[in-house]
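This report examines selected local features of one protein model. Please read it alongside the sequence and the structure.

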Amino acid sequence: MTRVYLWAMEYKNRISLFIVTESSTKMAKLFLHVLKLLMVLLALGWVSIWVLKPTQLWTRKWKAAEDAARTTVFGSSGLDFVVYSFPAIVSVMIGFVYLHFKPKEQNGRRRRSSIAALSNPIVVNSFIGVLSAMEVLVISVFIVFLAWTFCIHISNDFKKMMPMKSLKLNIWQYKTFRMATRCGLLAEACLALILFPIMRGMTVFRLFGIQFEASVKYHIWLGIMMLSFATLHGVGTLFIWGINNRIQDEVWKWQKTGRIYLAGEIALIAGLVIGITSLPQVRRKRFELFYYTHHLYTVFIIFFLFHTGDRHFYMVFPAIFLFAIERLLRIIQSRPETCILSARIFPFKTIEVILPKEPRLKYTPTSIIFVKIPSISKFQWHSFTIASSSSVDDDTMSVIIKCDGSWTNSLYDMIQRIPVGGHDQRVRRCIPVSVEGPYGPASTDFLSKYDSLLLVAGGIGVTPFLSILQEISSAQNHGRKNFPTKIQLIYITKKRNSIGILNPVLPLLANRKTNELHLKLKIYVTQEAQSGATISELISEFSQVETVNFDTERTSYSPNGHESSLLMAATVGFSSILFFSFLIIFSHIFLPQPKKASSKEKTPSSYVDLVLICALTVSIISTTLVFLVLRLKHLRRQKPLMAVKHNVKEIQASSFQSNRNVDEHEVNFGARPDFEDIFSRFPNETGGSFVGVLVCGPEAMKESVASICKLSTQRSITSAQTKKPHFNFHSLNFTL
């Protein structure tokens, strides 16, 4: 009876624990749904203000609200900030909280989403690139919004047709002048969004899992649109001034109130310089020029404020405010220097650099880091995809670098020629390096939702796939079943000596039947003839690389990544409160306060703008100092770098030389892959109904694969057969 009683009590406890766990899981999911709903509602509210702002209804209501706020302690500036800026800032704060509580991995395989087809390409063009259905939809909505804003403003302007006192204009001149003026509002709308894509640590793109390449692409598109509208605005205005012989009178004006023309001209010139030096022909050949002139964005933003005034500036303020916080926090994070632990030199002028990291630093596959080596350049940062997995390597992370530019060639020469130092003659002197990141998807959902994966890599583009394969293998070894296990890797390279880069995943190729991971490898060597060697022999031959170890006694710092999402949310909230407080205080101290709501007394607009700049500067500096103190306290508690084990894991490829499992894979010489044939054979060779197609490599290769995925989607829509696999396209290119 005692045993039965104990068994019953144990069973009861297990049932209770299960019920509590299920209840907690449901509450957690409900909490995440509430956060997501609040975030979406606030973002939609901010967008709604942009839509309503051109209407006469909003103009009347807002004028009355501003008049009423002028005599309050907050003033009209406080009202502008709360309505125009704060909703977007709070939405980002909630996004950080959501990321903190969102599970990094799903407990089980996700079901195929009904909107998965929207991520597949519907436009494949060598000039435009690859556009998904979702991108086309968002672009279309944004263009409709711009057209709405322009048409409503122009319609209202043409109805009024008020003659200009300073300029004697006829009807067509007046219409042209107003159209040029309204183009400035379209540039303002683009400016409100242009900084969001390049905020590496902010939540917008981490939430949606958008890759770095895509975010840079959106930044470029918005920049082109903004400069186009700004140029139309400036050239159109100068044209009207010119035909009325007023250029000399108007162009140098720094008005006391209203639009400051000279400030607008300075902002336009700064923007055009940034745009011209960002052209691919300049950026790729003269990266230093592109990098340094891009910092003119501070000049552009300051004189944009003086030109438009504080009311318009609050519409674009959220992106500028968040970018300033994020930029300074990134500088603090990357300020301590560490050392390269070791490097592996491949025969095809490629190096693998091994860097230290804190064991608790975890990152998702396809994450990138930014690296600066002061001995090469004190200002240049270069992005690289992490080739290792934080689930496999606790104390180190590695990047593989193809040395084909001035900066990378300098690093290659430095590693080869740096003199030996210290007591151990096998160890070379330390190379100081600053690391920023990692930045990547917030979770592994972009992998776990698929039944199988088709990975297509060209040259050094195989780097992110090495991380993905190691992550999936580690998950399988630890009993986590949330990743696809059927994978096919297509590796395209010009020379056979590049095959040695696959060394980290060689155990996965050799031990295909020891776990549930089924990996099929197809190699295409495009510029060499058949050699008769097997894959194992080729990998064995080209995996014999030189390993260089470096002295690390001069530093005790290991990169620990960006701060937690909760701390980022608190930082943004703290800085927002500081800005709002300083704005009110400085306004009451330095600006005359109207005694009546109907007061016509006007303060010089540049004074109001300077108060805004001072409040922003003081709040950001105060936040940075607080964050710096917290960061220094964390660094004091950090484990010394000398205690980190950084032995390079050498995989003896010779032990796999006669392994039949390795030789079962394919190697093709003197030919490029036939992607149509690969896709048609994929269901029989690998299988899976929902296939993730991840591509990293040259643009031509990416467009070829995207075209196949596009045709596959069209066929699956028109075909009555439901058993055909659905291929979902993703681009992982990381080059600027």
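Is threonine 366 buried or exposed? Threonine 366 is buried, with a relative accessible area of 6%. Here, buried means under 20% relative accessible area, exposed means over 50%, and partly exposed lies in between (1.4 Å probe, protein chains only).

The model is predicted, so local features need pLDDT of at least 70 and side-chain atom pairs count only at pLDDT 80 or more, while totals for chains, interfaces and linings use all residues. Residues are numbered from 1 along each chain as its sequence is written, and side-chain values use heavy atoms, with hydrogens and water left out.

**Backbone features**

Threonine 366 also has a phi near 75°, a positive value in a residue other than glycine. The residue is located in the loop between β5 (350-356) and β6 (368-372). Such labels refer to helices (H or I, at least four residues) and strands (E, at least two), which are DSSP runs numbered from the N terminus.

Asparagine 245 likewise has a positive phi, near 55°, and is a residue other than glycine. Its place is the loop between α7 (212-243) and α8 (247-250). Asparagine 245 is exposed, at a relative accessible area of 69%.

A further backbone feature concerns the peptide bond from glycine 437 to proline 438, which is cis, with omega near 5°. Proline 438 belongs to strand β10. For context, most residues other than glycine have a negative phi, and most peptide bonds are trans.

**The disulfide and the cysteines**

How many disulfides does the structure hold? There is one disulfide (a pair of cysteine sulfur atoms within 2.5 Å). The bond joins cysteine 339 to cysteine 430, with an S to S distance of 1.7 Å. Cysteine 339 lies in strand β3 (residues 338-339) and cysteine 430 in the loop between β9 (427-428) and β10 (432-439), so the pair ties together parts that are 91 residues apart in sequence. The torsion about the S-S bond of cysteine 339 and cysteine 430 is about -75°, and the disulfide is therefore left-handed.

| Residue | Relative accessible area | Class |
|---|---|---|
| Cysteine 339 | 2% | buried |
| Cysteine 430 | 10% | buried |
| Cysteine 151 | 49% | partly exposed |
| Cysteine 614 | 40% | partly exposed |
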